[in-house]
Amino acid sequence: MNHLLRSHAPISDAGWTLLDEEARERLTPPLAARKLVDFSGPHGWDYSATNLGRTSALASAPSAGVSGLKRQVLPLVELRADFELSRAELRDADRGAEDVDLEALDNAAHQIALAENVAVFHGWQDAITGMSEASPHDVLELGEDTDSYPARVAGAVERLQCDGITGPYGVALGREQYRRVVETAEHGGYLLFDHLRKIVEGPLVWAPGARGAVVVSLRGGDFLFESGQDLSIGYDSYDADVVRLYLQESFSFRVVTPEAAVALTA
């Protein structure tokens, strides 16, 4: 990954190991979209477009007697979150400090994970069509009362089944909705979390950035996430006090079967 210029940063090998481990730890829980879609890659930083297997006719050709077609591709998009770390803290880490202040890295990891979730579930204007905006199903209202959650989720599953979309299914829950689910016990003490998992026969995923919830088929082939460069830390510059770094990724996302997701508004 020469384009990340990590070898030019005033950071030791041990320091890079610490940062990579911290980033991995912080990114794994909130990257909800990847837990519900087909993931391909990483294919590398120089991978620029996803083949769509389609063509469009060209209005003219270079000479008479021939026709022309243009291959259609989906360009990858890039996400980047910049942050700064104290050089003094990094030096303390090399000395063996266990309580190194990496809050800026943690914040950047959360921001870029949230952005990826929003792009996949709700779309990114002029770049990515998200699940909820592509879905032809009427948006269901999840509501404020958790007593209604099982009926709403079951209704979403039924809509998928009526369209021939088989399971198992998964549910991406926004931060507030996930909190309500995990802290709620229904009448008789049965956990709402377990009830919903039984309905969908799949995972309930904490998805910061998701607005409400999205019920998704996990049968495969409906939602395709193609990674160019997976999330990585790169080096930008430094001065006497701080090192300027960034988290970066490139990816494309395709909704192959719009009917395979149902959005539930908050």
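User: How many helices and strands are there in the protein chain?

Analyst: This is a predicted model, in which local features need pLDDT of at least 70, side-chain atom pairs count only at pLDDT 80 or more, and totals for chains, interfaces and linings use all residues. Residues are numbered from 1 along each chain as its sequence is written, and side-chain values use heavy atoms, leaving out hydrogens and water. Helices (H or I, at least four residues) and strands (E, at least two) are DSSP runs numbered from the N terminus. The protein chain has 7 helices and 12 strands.

User: What share of the residues of the protein chain count as buried?

Analyst: Buried means under 20% relative accessible area, with a 1.4 Å probe and protein chains only. Of 266 residues in the protein chain, the buried share is 44%.

User: Is helix 1 parallel or oblique to helix 3?

Analyst: Helix 1 (residues 13-27) and helix 3 (residues 103-122) pack with axes 9 Å apart, at an angle of about 45 degrees. Axes are lines fitted to C-alpha atoms over the stretch in contact (heavy atoms within 4.5 Å), and angles run from 0 to 180 degrees between N-to-C directions. Angles under 35 degrees count as roughly parallel, over 145 as roughly antiparallel, 65 to 115 as roughly perpendicular and the rest as oblique. Helix 1 is therefore, relative to helix 3, oblique.

User: Which residues in helix 3 does helix 1 meet?

Analyst: Helix 1 contributes Leu-19, Glu-22, Ala-23, Arg-26 and Leu-27. Their partners in helix 3 are Leu-105, Asp-106, Ala-109, Ile-112 and Ala-113.

Definitions and conventions: Buried < 20%, exposed > 50% of the residue type's maximum accessible area, 1.4 Å probe, protein only.
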